[in-house]
Amino acid sequence: MSPRGIGPMLAKLQPEIPRGEGWTYEPKWDGFRTIVTVGDDGVTLESRDDRPMSRYFPEVVSMLEGRRTGSLVADGELVMVRPAGLSFDELQLRLHPAASRVQKLAAEIPATLILFDLLAEGDDDLRRRPLAERRDRLQAVAERIGAEPTPERLGGLPAGPDLRVTPWTDVFEVAKRWFDDEAGLGQDGIVAKRTDQTYQPGVRGWVKVKHRSTADCVVGGYRLAKDGDGVGSLLLGLHDAEGRLHYVGHTSSFRVAERRAILEALGPLEGGGGFGEDARSPGGQSRWSAGREAAWVPLDPVLVCEVSFDRVQHGRFRHAATFVRWRDDRTPASCTFDQVGASPPSWG
């Protein structure tokens, strides 16, 4: 069974951890979502957007090759465990085009793979089985291949290369302790799942509660700084169900040196399609701009960044979003309105 084309099950963002019978909780790891396939022809790692990841994490592939006892498809997260906690920035360094650089980093700062779901074992497709059964099967596989359980006090994780199974609990107080990150590991919040749920590729059937509200957005354009010295703001977009990229707001939280560097990096993308004629664009009518927004430069919409925001209203961020980081592991097409639980804007 191949993961290609399956797509992982997703989670919708909510402000509070759900409570009640049937809910269980896992830490939300701050890393790269990864579908893992172990078969007769070897080991493959693929991102949530179906991108091949094996070449960037050779130490994880080698680790799985050495423990292979049968074919399986699992869902998990690649993370970077460092002395101060999880480091997403160092994880991002692994997405480098030079194989020599990847090999060097793999030796110096090896990654950890944390498994949290089992989609197939041998010829047995488990996606229509309830989560409780899939967890039992995953635990049996983990024992067979030597994947250690992750300690409930999450700060006990060693540095990689390592293979772990995520902890889970049905006790709300334990989940709250994980969410509060008492161990200081730096996990990203909580994912809540129901024990009777099947695995639904591409469906936001789980619930995620994060320490801050964030979204992955496409950069569709930019505005210059008022003095012309670098980028003043990045213009952000999300796709609707028809694939149209709508402008949803901007982020301008950059230092002077960053503004200059970003402007230089965006140069080759200038003149691209931006937000398109049939979607909301910067400068369009809104209750905030009243048509008075400054001129902007359209870009080829291929870059993705993560931003934090306070709320979404009328199909866009109510206030300016705060830049968090670039997301080289995400594709523009995956940046949709459903990740923020909102509908596309209406105007005209």
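**Exercise 1. Describe the lining of the largest cavity by residue class, then by position and by element.**

*Solution.* Step 1: By class, 10 nonpolar, 5 polar and 17 charged residues make up the lining of the largest cavity. The model under study is a predicted one.

Step 1: The lining comprises 32 residues, and those nearest the centre of the cavity are Lys28, Arg33, Arg48, Glu77 and Lys208. Two or more lining residues come from each of strand S1 (10-13), strand S2 (23-27), strand S3 (32-39), strand S12 (189-194), strand S13 (204-210) and strand S14 (214-224). Among these elements, S13 gives the most, with 4 residues.

Step 2: The largest cavity holds about 540 Å³ of space. The structure has 3 cavities of 30 Å³ or more.

**Exercise 2. State which residues line the second largest cavity, and classify them.**

*Solution.* Step 1: The space in the second largest cavity is about 90 Å³.

Step 1: Its lining consists of Val36, Val38, Leu64, Arg67, Arg68, Thr69, Gly70, Leu72, Leu113, Leu115, Val141 and Ile145. At least two of the lining residues are supplied by each of S3, strand S8 (112-121) and helix H4 (131-145).

Step 2: Sorted by class, the lining has 8 nonpolar, 2 polar and 2 charged residues.

**Exercise 3. Determine the strand order of the open sheet that contains S1 and S2, and explain why one side of each of these two strands lacks a neighbour.**

*Solution.* Step 1: The open sheet is formed by 4 strands in the order S1-S13-S12-S2, with mixed pairing.

Step 1: S1 and S2 are at the edges and have a single partner strand each, so one side of each is left without a neighbour in the sheet. From one strand to the next, the twist averages 35 degrees.

Step 2: S2 and S12 run antiparallel and are joined by 5 bridges. Within this pair, tyrosine 25 stands opposite alanine 192 in S12.

Step 3: Helix H5 (residues 172-179) packs on the sheet and touches S2, S12 and S13. The direction of H5 makes about 25 degrees with that of S2.

**Exercise 4. Find which element gives the most residues to the lining of the largest pocket.**

*Solution.* Step 1: The largest pocket contains about 230 Å³ of space. It is lined by 15 residues, of which Arg135, Gln139, Val165, Thr166 and Trp168 are the closest to its centre.

Step 1: The elements giving two or more residues to this lining are S8 and H4. The most come from H4, with 5 residues.

Step 2: By class, the pocket lining has 8 nonpolar, 4 polar and 3 charged residues.

Methods: Residues are numbered from 1 along each chain as its sequence is written. This is a predicted model: local features need pLDDT of at least 70, side-chain atom pairs count only at pLDDT 80 or more; totals for chains, interfaces and linings use all residues. Side-chain values use heavy atoms; hydrogens and water are left out. On a 1 Å grid over the protein atoms alone, a cavity is a set of points where a 1.4 Å probe fits but cannot get out, and a pocket is an open set with protein on both sides within 12 Å along at least five of seven lines; lining residues have an atom within 4 Å of a point. Grid points are joined across faces, edges and corners, and a volume is the space filled by probe spheres set on the points. Ala, Val, Leu, Ile, Met, Phe, Trp, Tyr, Cys and Pro count as nonpolar, Asp, Glu, Lys and Arg as charged, and the others, Gly among them, as polar. Two strands pair if DSSP finds at least two bridges between them. Axes are lines fitted to C-alpha atoms, for helices over the stretch in contact, and angles run from 0 to 180 degrees between N-to-C directions. Contact means heavy atoms within 4.5 Å.
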